[in-house]
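Subject: Structure handover

Hello,

Here is the structure I promised to pass on. My notes follow below it.

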2 protein chains.
Amino acid sequence: MKLYSYFRSSAAYRVRIALNLKGLSYETIPVHLTKEGGQQFAEAYRHLNPAQLVPTLVDDGLAITQSVAILEYLEETHPEPALLPADPAARARVRAIMQTIACDIHPLNNLRVLKYLKHELGIDVEQRDAWYKHWVALGLEAVESMLASSADTGLFCHGDKPGLADALLVPQMANARRLGCDESVLPVIVRIDKACMQLEAFRLAAPENQPDAEA
Amino acid sequence: MKLYSYFRSSAAYRVRIALNLKGLSYETIPVHLTKEGGQQFAEAYRHLNPAQLVPTLVDDGLAITQSVAILEYLEETHPEPALLPADPAARARVRAIMQTIACDIHPLNNLRVLKYLKHELGIDVEQRDAWYKHWVALGLEAVESMLASSADTGLFCHGDKPGLADALLVPQMANARRLGCDESVLPVIVRIDKACMQLEAFRLAAPENQPDAEA
């Protein structure tokens, strides 16, 4: 498998975690999101990924876009170890956590949106950081509440084994930390994030451990 | 089943379509997103949905949040008629279309974001409409390209039966149309949207046909 990835992309980071948890080897093809005006806009890449975003997973000639679609595909094609629980109600709980991060937090804070705020709307750095922290706080506080209120939460987001919700949570927390978001109101998330970072699968997926990492 | 819904919410609209396609009856519990400062912020609702968004599906006491998680749950618990194809590669294709709409378009244009742009960033109506159209155009052009380039596209997004990708596409197109986005560059989407609106399941799910509809 080939993963078109950018070391700083938290959507690519999610997929790297899942590939590692499943013990699947893959080749990283770096797509630099700012160099050369953005390598994701190159014609060849657009052919693979019409939305011109990372990641894209290529498996035996099949190009799959959208990190959550890739995660579900990996779960279906490589079911062991399972990263989703078996029961539909439990799967719905995990997917609701995943979508809260994938829909309610991340899309508002990715590179292209921050660029639009700056260049098209003339937002200054202070306003941009406030925007960023606002959506992170709102979204992660909802996730914290989902985790804190449920007996299904274990050492990880769902039970005592890492899974797809953790694969979304850890990259989001890395972003939140980088922007200095308030972690004190997120005790369950902080605990789970630490448990994940004990595992090699998560550590090896981190931005600083990617072949295209920059200082 | 009970669906906490707001007639104008396109995330709730997705779920209404899927429930109708599967022939499942449900009770609508209206959650008015602007009345009384937003009924989604009421304590009782927050208990069901910590992110304080619509929709929430309650099935036999189980509250499920996030429209995409609800759609996957309905597919798993009521597999007939299938709204996802059987093959993992085909499922990944459908989910990539779903996530392009659910992550790359809708989160940028929902009510709370437009409110933030107006109240916190002082954006005027013209700038707000440009923002809205920008993300719709970018996202729907990616979806158009995914549909136009694939032999799997049929009368609907995937093959000749309506499914989950269509359940996301139709509400997004309704929004795009309301804001006067340019449809001329989206011929395949326009064709599929029309095919969907021939079906009662889609028509009955439309905002104007909800019990909480307003003029």
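This is a predicted model: local features need pLDDT of at least 70, side-chain atom pairs count only at pLDDT 80 or more; totals for chains, interfaces and linings use all residues.

A:Leu83 sits in the loop between H3 and H4 of chain A. A:Leu83 is buried, because 24 other C-beta atoms lie within 10 Å and 20 or more are enough to count as buried. Setting aside residues up to four places away in sequence, A:Leu83 touches A:Ala18, A:Leu21, A:Glu75, A:Gly163 and A:Leu164. A:Ala201 is 118 residues from A:Leu83 along the chain, yet their C-alpha atoms are separated by 13 Å.

The largest nonpolar core has 130 residues. A:Ala18, A:Leu164, B:Ala18 and B:Leu164 are the ones with the most contacts inside it. What does B:Ala18 touch, neighbours within four places in sequence left aside? The list is B:Leu71, B:Leu74, B:Leu83, B:Leu164 and B:Ala167.

Next, the domains of chain A. Domain 1 covers 2-81 and domain 2 covers 88-202. Their centres, taken over C-alpha atoms, are 20 Å apart. At the contact, 10 residues of domain 1 of chain A meet 15 residues of domain 2 of chain A. On the domain 1 side, helix H1 (10-21) and helix H3 (67-77) of chain A each supply at least two residues. H1(A) gives the most, with 7 residues. That side of domain 1 divides into 7 nonpolar, 2 polar and 1 charged.

H1 and H3 of chain A also pack on each other. Two numbers describe such a pair: the angle between the axes and the distance between them. The axes of H1(A) and H3(A) come within 9 Å and cross at roughly 10 degrees. Angles under 35 degrees count as roughly parallel, so H1(A) and H3(A) are roughly parallel to each other. From H1(A), the residues in the contact are A:Ala11, A:Arg14, A:Val15, A:Ala18 and A:Leu19. They meet A:Ser67, A:Ile70, A:Leu71 and A:Leu74 in H3(A). By type, the contact of H1(A) with H3(A) holds 7 nonpolar, 1 polar and 1 charged.

Now chain B. Its helix H1 (residues 10-21) and helix H3 (residues 67-77) pack at an angle of about 10 degrees, with axes 9 Å apart. H1(B) is therefore roughly parallel to H3(B). B:Ala11, B:Arg14, B:Val15, B:Ala18 and B:Leu19 in H1(B) face B:Ser67, B:Ile70, B:Leu71 and B:Leu74 in H3(B) as contact partners. The residues of this contact divide into 7 nonpolar, 1 polar and 1 charged.

How much of H3(B) is buried? Of its 11 residues, 8 are buried, and the helix is mostly covered. The buried ones are B:Ser67, B:Val68, B:Ala69, B:Ile70, B:Leu71, B:Glu72, B:Tyr73 and B:Leu74. The cover draws on both chains. From chain A it includes helix H4 (88-109). From chain B it includes H1, strand S3 (56-59), S4, H4 and helix H7 (164-178).

That leads to the chain contact. Here 32 residues of chain B are in contact with 32 residues of chain A. On the chain B side, strand S4 (62-65), H3, helix H4 (88-109) and helix H6 (125-148) each give two or more residues. Which of these elements gives the most? H4(B) does, with 13 residues. The chain B side divides into 20 nonpolar, 7 polar and 5 charged.

Last, some backbone details. Most residues other than glycine have a negative phi, and most peptide bonds are trans.

- The peptide bond from A:Val54 to A:Pro55 is cis, with omega near 0 degrees. A:Pro55 is in the loop between helix H2 (43-48) and strand S3 (56-59) of chain A.
- The peptide bond from B:Glu80 to B:Pro81 is cis too, with omega near -10 degrees. B:Pro81 is in the loop between H3 and H4 of chain B.
- B:Glu36 is not a glycine, but has a positive phi of about 55 degrees. This residue is in the loop between strand S2 (27-30) and helix H2 (43-48) of chain B. B:Glu36 is exposed, with 8 other C-beta atoms within 10 Å.
- B:Asp60 has a positive phi near 55 degrees. Its loop lies between S3 and S4 of chain B. B:Asp60 counts as exposed, with 7 C-beta neighbours inside 10 Å.

Best wishes

How values were computed
Residues are numbered from 1 along each chain as its sequence is written. Chains are lettered from A and ligands numbered from 1 in the order in which they are written. Axes are lines fitted to C-alpha atoms, for helices over the stretch in contact, and angles run from 0 to 180 degrees between N-to-C directions. Helices (H or I, at least four residues) and strands (E, at least two) are DSSP runs, numbered from the N terminus. Angles under 35 degrees count as roughly parallel, over 145 as roughly antiparallel, 65 to 115 as roughly perpendicular and the rest as oblique. Two residues are in contact if their C-beta atoms, placed from the backbone, lie within 7 Å. Ala, Val, Leu, Ile, Met, Phe, Trp, Tyr, Cys and Pro count as nonpolar, Asp, Glu, Lys and Arg as charged, and the others, Gly among them, as polar. A nonpolar core is a set of buried Ala, Val, Leu, Ile, Met, Phe, Trp, Tyr and Cys residues joined through C-beta atoms within 7 Å. A residue is buried if 20 or more other C-beta atoms lie within 10 Å of its own, exposed if 12 or fewer, and partly exposed in between; C-beta atoms are placed from the backbone. Domain bounds come from an automatic or database domain assignment.
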